[in-house]
Amino acid sequence: MFDFLEGYDVLGAFWTTVQLTVLSAVGSLIWGTVLAAMRVSPVPLMRGFGTAYVNIVRNIPLTVIIVFTSLGLADIFRVTLGAADDFEALSFRLSILGFVAYTAAFVCEAIRSGINTVPVGQAEAARAIGLSFSQILWLIVLPQAFRSVIGPLANVLIALTKNTTVAASIGVAEAALLMKEMIENEAQVVLIGVVFAFGFVVLTMPTGLFFGWLSKRLAVKR
Amino acid sequence: MTSVLYDAPGPRAKRRNIILSVVFFALLALLAWWIYKTMDDKGQLKWALWEPFTESEAWTTYLLPGLANTLKAAALSMVIALPLGAIFGIARLSDHRWVRIPAGAVVEFFRAIPVLLLMLFANQFYSSYTDVSTDDRPLYAVVTGLVLYNASVLAEIVKAGILALPKGQTEAAQAIGLRKGQTMTSVLLPQAVTAMLPAIVSQLVVIVKDTALGGVMIGFTELLNSRGTLAAFYATVIPSFIVVAIIYIVLNFILTSFASWLEGRLRRSKRSTGAVLGAEDVEDLNAAEVGGSYGTGASA
């Protein structure tokens, strides 16, 4: 029944999807945290930049960003990320750049909302006993903030997993591109659809369950 | 004071802030200069590349029809997905297990799958099994993909909207002898719809953004796809991206602002029951948290 799968590297395509997801997740967690730090920083210029970045990037379709990394960044700005001659590696890296740029805006908003859940009194108390700004940030506020945003961050991660399919638009050989190729060549449209849908359920369900458990476990009891 | 993190700055903090501002400004200026320099070197700043956008032809031939298709697909998807979402949302709250569980399974399934896969599948499905004409097929496929996904998200919004209503509403309806169906249609649903309006409007932003998927992958001539044709005709790559991005940003910014204005208005209104679902709730729903909901953890 599933012999149409022969000759196609379905697991390999999903492995690319996983790689895209993990690398983009790490990148957007870092860049998103930096953006969130800017958005809550006392420097007005940084706050303004953070706000502008989030509001602009969130309103542009991810597809536009991904296509731009290929046609704009690579072709015109010559941003080749050390893979100028290798087309496959180039589109893989460019798509990660695009995912990081887009997802970081959502990560930033999640972390910022986490910082806002920390009661003001805690920072005031910390200042009263003489802790400095960085001590307050690292010892008091951020640990609580991260624990309270595990749920929202997991949502961002699941959305990112699904969004990696957009990389198909610049030719990254991941799940969506293989599915497109397969349904064009094989007759079993419905079965192929089921296989790929199942793949994504397998990818997203453990993520959702694990982080759901983790966020309940680590929640700050107030 | 606006943040947990810092006090009103003293003299030292003020000095430090000024230094940070200067350094950050220098970095931004460096980035801006690099962008300007590269675009200048590549001839992307030449007036000839920007000129098309000041003339009506580029707009009437490429951008406006593309934008019209984007809006058409978004509007169609919304109009079809709303009643579907309402039905599934109510079905998920049913007292009967044989209604509740299949409805829940369908909703969770379509939320867990990337919209692009749904569109690709629908496109091939229409081509193999139906006689939808080749011209209409991309629009059909885009709308089908968007409807399946967004109906599931809207079902969750409807469910949350109904659950957000005070319990007294149902009790009062039962007290005056309304049946379950009557309670739903004449008491709960009208109030839930009001509470959900901001969430529904912000879901429109997601739909508008997702139409762009159809442009690249299945040849639907929406705004992003029209950009490609336009860029090929006028040889204007970067300017066309900038113009198209601005159109999307303005369009979605209007929708977002409208949603938050609506949310504020509903929250202030004295007649409401106090249940309002805003844009924040929608962002969580769009992720498809398979296997049940988890909150922010703060109240666990």
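This is a predicted model: local features need pLDDT of at least 70, side-chain atom pairs count only at pLDDT 80 or more; totals for chains, interfaces and linings use all residues.
## Packing of H3 and H4 in chain A

On the H3(A) side the contact is formed by Leu62(A), Ile65(A), Ile66(A), Thr69(A), Ser70(A), Leu73(A) and Ala74(A), which meet Leu90(A), Leu94(A), Ser95(A), Leu97(A), Gly98(A), Phe99(A) and Tyr102(A) of H4(A). Sorted by class, the residues of this contact comprise 10 nonpolar and four polar ones, with no charged residues.

## Packing of H4 and H6 in chain A

Helix H4(A), which runs over residues 87–117, also packs with helix H6(A), residues 133–148, and here the axes come within 8 Å and cross at roughly 120°. That angle makes H4(A) oblique to H6(A), and the crossing of this pair is right-handed.

The residues that H4(A) brings to this contact are Ile111(A), Gly114(A), Ile115(A) and Thr117(A), while H6(A) supplies Val141(A), Leu142(A), Ala145(A), Phe146(A) and Ser148(A). Of the residues in the contact of H4(A) with H6(A), six are nonpolar and three are polar, and no charged residue takes part.

## Chain A as a whole

The helices described above belong to a chain whose secondary structure comes to nine helices and zero strands, so that, under the assignment used here, the order of elements in chain A from the N terminus on reads α-α-α-α-α-α-α-α-α. Along its principal axes, the C-alpha trace of chain A spans about 70 × 45 × 25 Å.

## Interface of chain A with chain B

The size of an interface is often expressed as the accessible area lost when the parts come together. For chain B and chain A the buried area is about 6,000 Å², and carbon and sulfur atoms give 73% of this area. The contact draws 72 residues from chain A and 64 residues from chain B.

How many salt bridges does the rule find across the interface of chain B and chain A? The count is zero, where a pair would need a side-chain nitrogen of Lys or Arg within 4 Å of a carboxyl oxygen of Asp or Glu.

Conventions:
Residues are numbered from 1 along each chain as its sequence is written. Chains are lettered from A and ligands numbered from 1 in the order in which they are written. Side-chain values use heavy atoms; hydrogens and water are left out. Axes are lines fitted to C-alpha atoms, for helices over the stretch in contact, and angles run from 0 to 180 degrees between N-to-C directions. Helices (H or I, at least four residues) and strands (E, at least two) are DSSP runs, numbered from the N terminus. Angles under 35 degrees count as roughly parallel, over 145 as roughly antiparallel, 65 to 115 as roughly perpendicular and the rest as oblique. A crossing is left-handed if the near helix is turned anticlockwise from the far one by less than a right angle, and right-handed if clockwise. Contact means heavy atoms within 4.5 Å. Ala, Val, Leu, Ile, Met, Phe, Trp, Tyr, Cys and Pro count as nonpolar, Asp, Glu, Lys and Arg as charged, and the others, Gly among them, as polar. Buried area is the accessible area (1.4 Å probe) that two parts lose on being put together, summed over both.
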